Amino acid sequence: MPRYFFDIMDAVQSVPDEAGLNCRDLGEAHLQARTLIADAMNGPEATRIDWSAWRVEVRDEARSLLFTVPFLPR
Amino acid sequence: MSVTGEEVPADRVVETLEILLRAPPFMRSPKLARFLRFVVEEELAGRGATIKAYTIATQALGRGPDFDPSIDPSVRVEAGRLRRALDEVYAQHAEGLEVRLIVPVGGYRPRFTPLESVSALAEDAPMPEPGTLPPPVPGTRRATVAALTPRGQAAIIALLAAILLVLCIDLGLTLSARMAGSAPTPRELVVRGR
C-alpha cells in the first residue's frame, strides 16, 4: 500500500507528519485526513483556535502535494 | 509491579510499549515515540491525571514553557497521529503484542486491555462444520425470504402445467366414460341388429 503524509498547518504554523500512514488509495487518504481533523478538533481542552485557518495537506511518498482538506468546509 | 486500571500488570504494559516503539510507524517518527512513551510511563507512575497538552508538549515534544495549548493545536494533532499509528501497528505488526493500548479521542490518558481475552473468546467459539450455517445471533431477527431463481420458477410453472394437463386428461376420460355408459356403442348396435 502506498504511504501518504498528512501535514497540518495554518498561515504561520506547521505540524509536519513524520510517520505517514499506509492507505489503499486517495479515497482512504481523504478519510484519514477527515479523521485527523475530527481528532484535533475534539481535544479535551478548550481552545481559541481559529479552525477555519487550518488545513491538511496530503502528500505522497515523494512529498508531492496531492490535495488539501480544510478543517472547516468553505 | 503495579496493576493498571484494566487489570493488566504494568510489566506487560511496559513489554508492549517496547514492542510498539520498535514498530515502523514509531521508528519513523521519534516525536510520536516520545509522545507514546511519555503518556504510558506517566499513567503507570500514577500521574495519569496530570497528562495534559501542556505537559506533553513541554516534557515529550520539546516545546518551551511558553507553549499555549489554547492557541496551538500541535498536541491535538500529534494525538490523532498517535491513534492512527497505534491502529496501524495492531493491524499490521501485531506479533508479540499481548496488550491493546489505546488513547481515546477527547483525552491523552492511555488505556490498556489484554488482547488474549479477545483472541481466547474467538478460539473457544465452536467452529461450524463446513457447509453449515452459523446459529442465529440472539436478539436479532433473521428475515426468511423464499426467493426463487428464474430456473426454479420455470420448473414450478412446468410442474403446475403438467398437473393441469393430467387433470384435463382425467376429466376428458371421465366424461367420455360417462357418455359411453349412456349411449350404445356401435358394436352393441350391431349385436342388437342381429
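Let's start with chain A. Take its contacts with a separation of 6 or more: residues 24 or more positions apart account for 42% of them. Keep in mind that this is a predicted model.

What elements does chain A have? It has 1 helix and 5 strands. Along the sequence they run β-β-β-α-β-β. How much of chain A is buried? Of its 74 residues, 30% count as buried.

Now to where the chains meet. Chain A puts 20 residues into the contact, and chain B puts in 25. On the chain A side, two elements each supply at least two residues: β3, residues 21-22, and α1, residues 26-41. Which of the elements gives the most to that side? That is α1(A), with 4 residues. By class, the chain A side has 9 nonpolar, 6 polar and 5 charged residues.

Next, the cores. In general, nonpolar side chains tend to be buried together in soluble globular proteins. Here, the largest nonpolar core holds 29 residues. Which members touch the most others? They are B:L32, B:L36, B:V39, B:I56 and B:L82. Several elements of chain B give two or more residues to this core. The helices are α1 (10-21), α3 (30-44), α4 (53-59) and α5 (74-92). The strand is β1 (99-102). There is also a second, separate core, with 16 residues. Its members include A:L36, A:A40, A:V56 and A:V58.

Let's stay with B:L82 for a moment. Set aside its neighbours within four places in sequence. What does B:L82 touch then? Its contacts are B:L32, B:F35, B:L36 and B:V103.

That takes us to a pair of helices in chain B. The axes of α3(B) and α5(B) come within 10 Å. They cross at roughly 90°. An angle from 65 to 115 degrees counts as roughly perpendicular, and α3(B) and α5(B) are therefore roughly perpendicular to each other.

Which residues make this contact? From α3(B), they are B:K31, B:L32, B:F35 and B:L36. From α5(B), they are B:E78, B:R81, B:L82 and B:A85. By class, the contact has 5 nonpolar and 3 charged residues, and no polar ones.

To wrap up, look again at B:L32, B:L36 and B:L82. They are among the residues that touch the most other members of the largest nonpolar core. They also take part in the contact of α3(B) with α5(B).

Key. Residues numbered from 1 in each chain as written. Chains lettered and ligands numbered in written order. Predicted model: local features only at pLDDT ≥ 70, side-chain atom pairs only at ≥ 80, totals over all residues. Core = buried A, V, L, I, M, F, W, Y, C linked by C-beta atoms within 7 Å. Buried ≥ 20, exposed ≤ 12 C-beta atoms within 10 Å, placed from the backbone. Contact = placed C-beta atoms within 7 Å. Nonpolar A, V, L, I, M, F, W, Y, C, P; charged D, E, K, R; others polar. Axes fitted to C-alpha atoms, helices over the stretch in contact; angles between N-to-C directions. Parallel < 35°, antiparallel > 145°, perpendicular 65-115°, else oblique.
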